[in-house]
Amino acid sequence: MVNVIGLGYIGLPTALMMASHGVEVIGTDYNKDLVATLMEGKTTFKEDGLDELFKNAVKAGVKFTTEYPVADTYIISVPTPYDKFSKKVDACYVVATVKEILKVCPNGATIVVESTVSPRTIDKNVRPAIEDEGYKIGKDINLVHAPERIIPGNMVYELIHNNRTVGADNRAIGESIKDLYSSFCKGEIVVTDIKTAEMSKVVENTFRAVNIAFANELAKICRHENMNVYEIIRICNMHPRVNILQPGPGVGGHCISVDPWFLVGDYPTLAKVIDESMKTNDNMPDFVLNRIYEIMKEKGLNWSVIIKVQSQIARK
Ligand SMILES: NC(=O)c1ccc[n+]([C@@H]2O[C@H](COP(=O)([O-])OP(=O)(O)OC[C@H]3O[C@@H](n4cnc5c(N)ncnc54)[C@H](O)[C@@H]3O)[C@@H](O)[C@H]2O)c1
């Protein structure tokens, strides 16, 4: 039996997907209202295909609870924010979840951390939390990191079709978790070690953040020169080996605006390009508002609302 802990954007569709593909699943969340909503037969957010997936999973027997049940495999999909000051990953939700699991799990259970974490988070935070309770990792408890890649808006499709990474200390355990995900995932599943899985997940989102920052920086340079950045990018992308992204008003979401900071926090003297990229992206809302303000002023429109929005952003 699999217990998926944290029934948010990642945990809920994962639990539903496994359940509707023949895996016995109990989903746990400590948010009583969220669990009550699911138990009433309603989903907690909108997503293409989620309601149908939910119905199939309920028919297949998925259960929801605020408790931590006895299970063979625990999948942790709780938040991993970054510390605003140090920029390092804040693993407190993951560690708190591991401690709850240890109170109930049988000998030989496997804990899969799906939450995104920076390289060595599992070594620094999760292993000590397990070993301090007297468990031997690899004997009493197995550890796996299986990060998720899905994007809100296309989750159900991507859960099935994306490639995945499974990091484990032990090849046989890695293969058994690969088999579990293979119940629904048609993509390629690479089995590697935990640190490689941690690093590759964070690097993927960092690649995206840096490339978005490049497009945003071009927008700023072109504005300075009063040139059309979209036309410049269109022409550059006609080169066979150039593929510049589009600039935009900033980066949101759970991943690209968060995960690259983990590398800045962990490697402050090395992650220079990443640090500047994140600052460039974070500055875009202000840049865009300034531009709107300039245009409204030029056209004699009432721009006071822009000043209000800017001061609200500054207060955050
Ligand atoms: N949202 C995405 O698009 C996305 C994509 C890939 C990876 N991720 C990663 O997946 C992880 C989860 O993200 P999310 O977007 O699903 O978060 P979320 O905030 O939507 O959901 C997390 C859930 O965990 C629950 N929770 C927290 N601590 C708990 C505990 N100790 N016991 C039981 N429940 C607990 C919360 O109540 C919440 O419902 C994060 O590490 C995130 O970086 C997210």
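Ala, Val, Leu, Ile, Met, Phe, Trp, Tyr, Cys and Pro count as nonpolar, Asp, Glu, Lys and Arg as charged, and the others, Gly among them, as polar. Sorted this way, the shell around the ligand holds 12 nonpolar, nine polar and three charged residues. Keep in mind as you look around that this is a predicted model.

The shell has 24 residues, and those that come nearest to the ligand are Ile 10, Asp 29, Tyr 68, Thr 80 and Thr 116.

## Where the ligand sits

Let's look at the polar side chains next. Asp 29 places a polar side-chain atom 2.6 Å from an oxygen atom of the ligand. Thr 97 has a polar side-chain atom 3.1 Å from a nitrogen atom of the ligand. In His 254, an N or O atom of the side chain is 3.4 Å from a ligand oxygen.

How much of the ligand does the protein bury? Taken alone, the ligand exposes 830 Å², and the protein buries 91% of that.

## What about disulfides?

A disulfide is a pair of cysteine sulfur atoms within 2.5 Å, and by this rule the count here is zero.

Cys 222 is buried, with a relative accessible area of 7%, whereas Cys 236 is partly exposed at 30%.

Definitions and conventions. Residues are numbered from 1 along each chain as its sequence is written. This is a predicted model: local features need pLDDT of at least 70, side-chain atom pairs count only at pLDDT 80 or more; totals for chains, interfaces and linings use all residues. Side-chain values use heavy atoms; hydrogens and water are left out. A residue is near a molecule or strand if one of its heavy atoms lies within 4 Å of it. A polar contact is a pair of N or O atoms within 3.5 Å; within protein, one must be able to donate a hydrogen and the other to accept it, and residues adjacent in sequence count only if both atoms are side-chain atoms. Accessible areas come from the Shrake-Rupley method with a 1.4 Å probe; for residues, only the protein chains shown count as cover. Buried means under 20% relative accessible area, exposed over 50%, partly exposed in between (1.4 Å probe, protein chains only).
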